[in-house]
Amino acid sequence: MTALMFLIGILLFVFGLLFSIAWHELGHFSTAKLFGVRVPQFMVGFGPTIFSRRRGETEYGVKAVPLGGYIRMIGMFPPGEDGAIRKRSTSPFRGMIEDARAAAFEELQPGDEKRLFYTRKPWQRVIVMFAGPAMNLILAVVIFLGVLMGFGISTQTTTVASVSECVIAQSEEPRDCRAGDTPAPAAEAGLRNGDQIVAFNGEPVDEWGPLQQSIRDTVGPATITVERDGERLDLHANLIENQVGKTDGAGGLVEGEFITAGFLGFSPASGIVRQDFPQAVDRMGDIMSTGVDAMVALPSKIPNLWHAITGKEERDQEGPMGVVGAARVGGEIFTLEIPASQQVATALFLVAGFNLSLFLFNMLPLLPLDGGHIAGALWESLRRHTARLTRRPDPGPFDVAKLMPLAYVVAGVFICFTLLVLAADIVSPVRLAG
């Protein structure tokens with residue numbers, strides 16, 4: 001049964017992956033058609049074609065390797081300076097440029113002269129290229145909000161899970177209480193497991209974050225109002241200073257970092273809590289901020305991937321993960337001993353995170369990514385506006401094809417990184433537990 005659930009999880013993730021890719025390409029496709037660009041191909045995946053069918057002027061299909069997708073638009077790059085689509089050259093860099101330019105005019109048909117991508121206004125090209133990543137962002141936002149508000153997530157609550165008997169600095173944990181240790185304020189005040197804290201010093205609380213902050217800001221007498229067996233009780237504690245873990249501002253703790261703050265001495269219980277809209281938006285903002293930070297820190301994670309492959313280090317469980325690793329995690333989700341609703345919610349979170357990564361990755365201003373084409377269109381617009389203001393001749397379209405040698409270098413780096421992550425996912429995979 002476990003193996004079957006693992007397989008189901010993998011298949012569901014693959015379906016979510018393919019849908020996310022198709023959804024991305026739909027953004028490009030729909031806006032390109034809106035602005036009159038001819039699109040001869042709409043493909044999900046790379047490599048050999050598994051299935052395809054032509055509808056109107058476009059061939060739709062699925063390819064064997066689900067690592068991306070593409071639509072092919074006529075006239076992605078302008079002709080050369082002499083107006084020719086292709087020129088002979090023995091230079092390898094010039095050859096790259098000419099090959100890219102020739103590919104942009106494949107399947108050129110009579111009447112396509114007014115349906116070429118490069119002839120669209122810069123703002124239209126920006127919209128076409130941004131529409132793909134934007135679709136991934138929209139899907140990520142919808143899924144995040146749907147899960148947070150509909151399913152709820154595991155959240156620390158104001159209910160007491162356990163009460164400390166004595167005061168122990170968190171840098172010393174875990175250890176048992178010793179003779180001479182100071183009794184914990186919570187134990188002295190009579191706080192019990194299962195108590196729900198509803199107010200702190202007369203201020204109502206219903207979330208762990210604000211309660212935690214109020215406790216840390218308090219040294220000295222405090223009144224804790226709890227619900228116990230259907231009754232409300234006021235408990236009186238004398239909070240003291242103690243060494244506690246530093247928080248990251250998003251409900252988590254910063255590993256290995258501590259601060260001195262007010263201490264009560266209990267652990268909160270976790271529960272599945274549905275978020276209201278403001279809470280969901282706030283939590284989603286934290287997730288996106290974390291995604292941006294992870295993207296910035298990506299180069300620094302490469303050594304760990306290599307060391308994990310060679311066995312010199314343990315795999316960073318918070319490090320980058322490829323499609324194979326994500327599919328494996330997707331399978332593990334459905335083997336966890338948690339309610340089925342939370343299995344589904346966790347799997348949806350995985351797909352949403354994948355879409356957020358697609359958005360951030362594609363917005364990098366580098367060819368061949370969408371962000372590189374956006375940067376080229378913006379640069380062209382700036383050049384033309386500057387020429388207009390200074391009464392100089394229109395410089396014409398910016399020839400993005402001249403950047404193809406750099407694009408091949410970038411693509412090579414991405415391919416190497418993808419292979420490195422793939423090897424790490426196979427040799428030392430990220431796991432949900434243990």
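Helices (H or I, at least four residues) and strands (E, at least two) are DSSP runs, numbered from the N terminus.

**Entry: ground rules.** I am reading a predicted model, in which local features need pLDDT of at least 70, side-chain atom pairs count only at pLDDT 80 or more, and totals for chains, interfaces and linings use all residues. Residues are numbered from 1 along each chain as its sequence is written, and side-chain values use heavy atoms, with hydrogens and water left out.

**Entry: loops.** I looked up Arg391, which lies in the loop between α10 and α11. Its phi is near 60°, a positive value in a residue other than glycine. Arg391 is exposed because its relative accessible area is 79% (buried means under 20%, exposed over 50%, partly exposed in between, with a 1.4 Å probe and protein chains only).

Asp229 sits in the loop between β6 (220-228) and β7 (231-247). Phi of Asp229 is near 55°, also positive in a residue that is not glycine. With a relative accessible area of 76%, Asp229 is exposed.

I then checked Pro368, in the loop between α9 and α10 (370-389). The peptide bond leading from Leu367 to Pro368 is cis, with omega near 10°. I noted these cases because most residues other than glycine have a negative phi, and most peptide bonds are trans.

**Entry: two helices.** I followed helix α1 (residues 2-34) to helix α9 (residues 340-362); their axes come within 10 Å and cross at roughly 35° (axes are lines fitted to C-alpha atoms, for helices over the stretch in contact, and angles run from 0 to 180 degrees between N-to-C directions). The contact (heavy atoms within 4.5 Å) is made by Phe13, Gly16, Leu17, Ser20 and His24 of α1 and Leu350, Val351, Phe354, Asn355 and Asn362 of α9.

**Entry: Pro66.** What does Pro66 touch, not counting residues up to four places away in sequence? I listed Leu17, Leu18, Ile21 and Gly45. Pro66 lies in strand β2 (residues 58-72). From C-alpha to C-alpha, Pro66 and Leu17 are 7.8 Å apart in space, and 49 residues apart in sequence. Pro66 is partly exposed, as its relative accessible area is 27%.

**Entry: Leu422.** I found Leu422 in helix α11. At 32% relative accessibility, Leu422 counts as partly exposed.
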